[in-house]
Structure formats: structure tokens, C-alpha cells
Amino acid sequence: MRTAILEGIKQPLQIQEQPSPKPQNGEARIGIQAAAWNKRDYWITQGKYPGIQTPAVLGSDGAGIVLECPDAPQWVGKEVLLCPSLNWGNNPRFQSMQYSILGMPSVGTTAEEICVPIENLVEKPAHLSQIEAAAIPLAGLTAWRALVSKANVRSGERVLVTGIGGGTAVFALQFALAIGADVWVTSSSTAKIERAITVGAKGGALYTEDNWAKQLQRLNPRGFDVIIDSAGGDGFGDLVRILGMGGRLAFFGGTAGKWPQILPQYLFFKQVSILATTMGSPQEFQEMVQCIDKHHIKPVVDSTFSLETINNSMQRMLHPERFGKVTIDMRN
Ligand SMILES: NC(=O)c1ccc[n+]([C@@H]2O[C@H](COP(=O)([O-])OP(=O)(O)OC[C@H]3O[C@@H](n4cnc5c(N)ncnc54)[C@H](OP(=O)(O)O)[C@@H]3O)[C@@H](O)[C@H]2O)c1
């Protein structure tokens, strides 16, 4: 079977032949049909991620067919997508000390065959292609936990999703719409705000303009009930100001760096909650896929590359015009 190997930091991925893996107790062997990238994969190639071990097979997002499952043979032949959270543990509030993310140090989804625990399998919704299913796992799970498990968004609430060009942000928009919320977005690009409006957003503002927070305040004088942010940086202070009474701000990234100094008075008077979140459990992954199935949500796929052109796909993830997920068709 073919595998994309990262031999060392800042080296291109190399396609190599490797023997098929053997499932251990409680595992299934999956024939990966499609994979997708996240920023994590890029940070690993650049040596900017904790605990990097090379050689590595990257990829936390994957979909495929169960080839072998000695402990639960009823799975064999099923089309599945894979939960990227390994060893989450029993506590829904946070992950265990043994927690890891699929794809470094474990073999990730840019291999034609991998083994994963049976608890990480979920049947692929029938309305999705393998490519669409592969676009979901890490970004979908992170957005779901932030929006639903943490911020507990309700129908009719006003939601702001920052940096809508991000893979996770698009899922937060789609899930919030499915739940019946009204959603606004921020972006560096008018074209991306317009794309978000075609998906169902009510509008947005360019975070590159000085008065972006005031523009959003004018649209929502009572403030936002829920804000989903992965940028951090100076703009975080404005986000806190445009939260409404009882607002919840869930965050899981720091793309734009440190938060500014924030007056405690902005937080306690409005009784807002600032909620830190990371990834999610296999249970949350199942709930997220059920929502996708029920509402026939189609992930936004920016582009699809073959395994042979996998290095170009990593470049596409970094392109400023990208909107949605960059995927790899492992059958080509
Ligand atoms: N903790 C976790 O579990 C977890 C999981 C997934 C991701 N993350 C982190 O979350 C972040 C986003 O991940 P991703 O995969 O969605 O990355 P991504 O697809 O590369 O998205 C990054 C987006 O951030 C937006 N952005 C950049 N600077 C911004 C600013 N100053 N204000 C608002 N938005 C800004 C941009 O939006 P526009 O293109 O619209 O300008 C950009 O497209 C990364 O830092 C990633 O490491 C964490």
C-alpha cells in the first residue's frame, strides 16, 4: 500500500510502498479512500508542534471502507469516517493524559490503509461522497464541541464566527445555521464573506478594517449570544466588548497571537463566559455526524488533489483564497 511519508522537518512528503498494517485488539483496518489537511499537519512539517517524531504519516481526517475488524466483524465492508481523537478517556470535560490526535505519532490518514480503534468509527452519512466525509473530522469535531457542548447555542440566538476562511469556522457556521441560529462572520476577504452569505450567514465585517467591531455592533446592538473564535490576538478585546448579556465566547486557536489586556468589568457585569475548548470525544463526534446526517449538511470542499500531487495540496491549504477544506483522493 502507498503512504505519504514525512522523513524530516521541512522536507516534501514522499510516496513510499509499505506493508499493510495488522489490527491490534479492539482495532479495525481501514482502506482510506480520502483524506484532508488541517493546520496541525502543516505545523508538524515546519517543526512547530509539540512532540514531533519523524518519519511520520500525517493526516487526522479520513474516510474509507472497513477491510478487517476481528473483534466486531459486522463493521467489515461499511463506509466510515474516522474520529481523530484517540484515547479521549471517560471524562467528557477534558481528555485523558494518554490522549493523542490521529496522524503523528500514530500513522495518519495519508496512507492507503491504517488501523484505528473501533470506538473511532462512525458510518458515513449516505448523502456524502468519501471526499466530503473526509473533509469533516477534525474541524467538524472542534467546531461542534465549541458551539454545542461548550457554548450551548440555541435556535434564534445571534452567533458570530471569526475568520470564516478557516476550516473549523465554516463548520461552526453550518452547525449554527442547522440549529436555527442567526450567524454573522468576520474575514480578511469580501469574497469569503459573500461565500459565507451564500451558505446562510446574515452578513459580516472585514477584520482588517479598523472599525469592524463597530460595524458588527451596529448590526447587533444587543450584542452576540455566542462567539466562536480561533484567532485571538488584539481583536479578542473587541470580541469581548461585542458579546451580549450572558454571552458565551468559545475559542480553540491563537492564529493572531496574544490577547490584549481586558478590563474585568467587561466580563462580570454582562455575566459572560469565556470557554476554552480542544477537539472533542468520540461521543461528540457521533453527535456531530448525526447532525450532519439529519440536516444533510455538505462540507465545503475547497479542492481535491491526488496522492501523487500531495505536496501541492499542502501549498493550497496555505493559499489566502482557500475557502473550506483541502482534500486528497487516496484512490488516485
Ligand atoms: N484546539 C483545537 O482543538 C483546534 C482544532 C482545530 C484548529 N485549531 C486552531 O484554530 C486555528 C484555526 O484552525 P483552522 O484549521 O480553521 O485554520 P485555517 O483553516 O488555516 O484558518 C485560519 C483562518 O484564520 C483567520 N484569521 C487569521 N487572522 C485572523 C484575525 N486576526 N482575526 C480573525 N480571523 C483571522 C483567517 O480567516 P479569513 O481567511 O477569513 O481571513 C484564516 O483563514 C488554528 O490556530 C488552529 O491551530 C485548534
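**View 1. Helices and a strand around the ligand.** Helix H3 (137–150), helix H4 (167–179) and strand S11 (182–187) each put at least two residues into the shell around the ligand. Helices here are DSSP runs of H or I with at least four residues, strands are E runs of at least two, and both are numbered from the N terminus. This is a predicted model, where local features need pLDDT of at least 70, side-chain atom pairs count only at pLDDT 80 or more, and totals for chains, interfaces and linings use all residues. Residues are numbered from 1 along each chain as its sequence is written.

**View 2. The ligand shell itself.** In total, 30 residues surround the ligand, and the closest are Gly163, Gly165, Gly166, Ser187 and Gly253 (near means a C-beta atom, placed from the backbone, within 6 Å). Sorted by class, the shell has 9 nonpolar, 19 polar and 2 charged residues. Ala, Val, Leu, Ile, Met, Phe, Trp, Tyr, Cys and Pro count as nonpolar, Asp, Glu, Lys and Arg as charged, and the others, Gly among them, as polar.

**View 3. Inside the largest nonpolar core.** Of its 95 residues, Leu147, Val161, Ala172 and Leu173 touch the most other members. Such a core joins buried Ala, Val, Leu, Ile, Met, Phe, Trp, Tyr and Cys residues through C-beta atoms within 7 Å, buried meaning 20 or more other C-beta atoms within 10 Å of a residue's own, all placed from the backbone. H3 gives the most to this core, with 8 residues.

**View 4. Around Leu173.** Leaving out residues up to four places away in sequence, Leu173 touches Val161, Ile164, Val183, Val185, Ala196, Val199 and Ala201 (contact: C-beta atoms, placed from the backbone, within 7 Å).

Notes
A residue is buried if 20 or more other C-beta atoms lie within 10 Å of its own, exposed if 12 or fewer, and partly exposed in between; C-beta atoms are placed from the backbone. Two residues are in contact if their C-beta atoms, placed from the backbone, lie within 7 Å.
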